[in-house]
Amino acid sequence: MSNLHLRPYQKAVVDAIGNQNAIVKMPTGSGKTFVAAEFIRRDLMIRNQIAKSRRQQQDTDSATVATASTASSSENWSQVSSNSSQPTSEEMTALFLVPTCNLVSQQANTVRAWIGNGYEVTEYRGGMTSPTKRFDVLVSTPQSFLTLQQIEADKKWFNWSNIFACVFDEVHHVLKDHPYRIIAMLIKGWESQNDNNSKVHILGLSASLTYAVGHRAVEVSLSNLCHDLGVTKMISPTEEELLAGGYVPQDDSIETMQKPWDVPKGVIPGEWNCLCSTYIIILSLTLQLWYLRSSL
């Protein structure tokens with residue numbers, strides 16, 4: 001890690017994320033990108049720890065196989081090698097999505113400076129050559145990444161099984177007819193179909209979560225956003241925390257969410273059957289939209 005340091009409110013936000021999918025709402029200029037960079041750095045450290053543990057386990061399994069009988073040895077090696085088609089932990093990468101081309105280099109430079117040497121941060125946007133060497137973090141526009149998945153389908157680097165974390169910068173675009181939404185649906189589809197219950201650790205960032213006007217419309221939009229991304233936590237530092245941490249407002253007001261940082265009711269299934277809860281959420285949103293239309 002570099003000699004840069006998080007402000008207290010930035011550290012509190014990253015600590016609050018933990019291992020959950022989260023949406024972070026922070027005003028412009030308060031350092032959302034540093035939050036994302038630290039989020040990625042911590043997940044990279046976990047990735048490396050898992051890789052180390054697996055190597056140690058493989059060494060132990062190899063030693064056990066080497067001392068077993070020939071028949072037993074053959075059976076054990078089959079078990080050890082059964083997941084050879086899956087990417088190793090060290091090969092898994094983080095994806096940082098930004099909505100515009102001019103943000104690719106800017107955010108990539110911030111991530112590089114934050115996570116320090118020893119990690120490869122690669123940039124990709126329209127007009128660039130596809131990455132040809134392994135990387136730890138890919139910073140890309142969403143449409144360019146979708147194109148990569150199509151034209152480089154034989155490279156496991158771009159498969160969801162190889163991506164352990166995904167950051168959506170300006171996450172409110174997921175609500176629109178936008179490549180972000182396609183990617184959110186692809187992640188959800190992959191997670192529902194993979195056999196080993198693997199998940200992509202998702203972080204959404206925004207200074208303004210929705211463009212909806214009116215309390216009920218905002219609530220519906222947030223419900224959609226949380227459901228589409230599997231979000232279980234919404235985080236926003238208070239105005240007092242921001243100012244105490246050195247943030248200088250760019251206008252007269254600071255818009256934050258109120259604590260506790262709960263997602264809208266009915267979004268998270270909890271102990272419900274997942275299929276039933278999905279229908280309940282859809283029904284709830286449909287009724288809310290009907291209410292909005294009838295009240296106009």
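Predicted model: local features only at pLDDT ≥ 70, side-chain atom pairs only at ≥ 80, totals over all residues.

Biologist: How many disulfides do you get?

Modeller: The count is 0 disulfides.

Biologist: OK, zoom out. How many helices and strands are in the chain?

Modeller: There are 9 helices and 7 strands. The chain has 296 residues, and 44% of them count as buried.

Biologist: What about contacts along the sequence?

Modeller: Take the contacts between residues at least 6 apart in sequence: 70% of those join residues at least 24 apart.

Biologist: Now the sheet. What's the strand order?

Modeller: It's an open sheet of 7 strands, ordered β3-β4-β2-β5-β6-β1-β7, and the pairing is parallel. The edges are β3 (121-124) and β7 (233-235); each has a single partner strand, so one side of each has no neighbour in the sheet.

Biologist: How much are neighbouring strands turned against each other?

Modeller: On average by 15°, with direction ignored.

Biologist: Which strand does β7 pair with, and over how many bridges?

Modeller: β7 pairs with β1 (residues 22-25), in the parallel sense, over 3 bridges. Ala22 is the residue opposite Lys233 of β7.

Biologist: Which helix packs around there?

Modeller: Helix α1 (residues 8-17) does: it packs on the sheet and touches β1, β6 (201-206) and β7. The direction of α1 makes about 180° with that of β7.

Biologist: And what lies across β4?

Modeller: That's helix α5 (residues 142-151), which runs at about 120° to β4 (137-140). Helix α5 also lies across β2 (93-97), β3 and β5.

Biologist: Back to β6. How many of its residues are buried?

Modeller: 6 of the 6, so β6 is largely enclosed by the rest of the structure.

Biologist: Which residues sit on which side of β6?

Modeller: His201, Leu203 and Leu205 are on one side, with Ile202, Gly204 and Ser206 on the other. Both faces of β6 are covered.

Biologist: What about the strands β6 pairs with?

Modeller: β1 runs parallel to β6 and is joined to it by 4 bridges; there, Val24 has Leu205 of β6 as its bridge partner. β5 also pairs with β6 in the parallel sense, over 5 bridges, and Phe168 has Gly204 as its bridge partner in β6.

Biologist: Switching to helices. Which residues of α4 are buried?

Modeller: In helix α4 (residues 102-115), the buried ones are Leu103, Val104, Gln107, Ala108, Thr110, Val111, Trp114 and Ile115. They cover an arc of only 160° around the axis, which puts them on the same side of α4.

Biologist: What comes after α4?

Modeller: Gly116 follows α4, and its phi is positive, near 80°.

Biologist: Which residue other than glycine has a positive phi?

Modeller: Glu170 is one of them, with phi near 60°. Glu170 sits in the loop between β5 (163-169) and α6 (179-193).

Biologist: How accessible is Glu170?

Modeller: Its relative accessible area is 23%, so Glu170 counts as partly exposed.

Biologist: Last topic, aromatics. How many aromatic pairs are there?

Modeller: The count is 6 aromatic pairs. One of the pairs is Phe135 with Trp157, which is edge-to-face at 5.9 Å centre to centre and 70° between the planes.

Biologist: Where do those two sit in the chain?

Modeller: Phe135 is in the loop between β3 and β4, whereas Trp157 is in the loop between α5 and β5. They are 22 residues apart, and the pair links distant parts of the chain.

Biologist: What about Trp157 and Phe158?

Modeller: Their ring centres are 6.2 Å apart and their planes are at 80°, so that pair is edge-to-face. Phe158 is buried, as is Trp157. Together, Phe135, Trp157 and Phe158 form one aromatic cluster.

Technical notes:
Residues numbered from 1 in each chain as written. Heavy atoms only, no water. Disulfide = S-S within 2.5 Å. Buried < 20%, exposed > 50% of the residue type's maximum accessible area, 1.4 Å probe, protein only. Arc of directions from axis to C-beta. Pairing = 2+ DSSP bridges. Axes fitted to C-alpha atoms, helices over the stretch in contact; angles between N-to-C directions. Contact = heavy atoms within 4.5 Å. Phe/Tyr/Trp six-rings, centres within 6.5 Å; stacked < 30°, edge-to-face > 60°.
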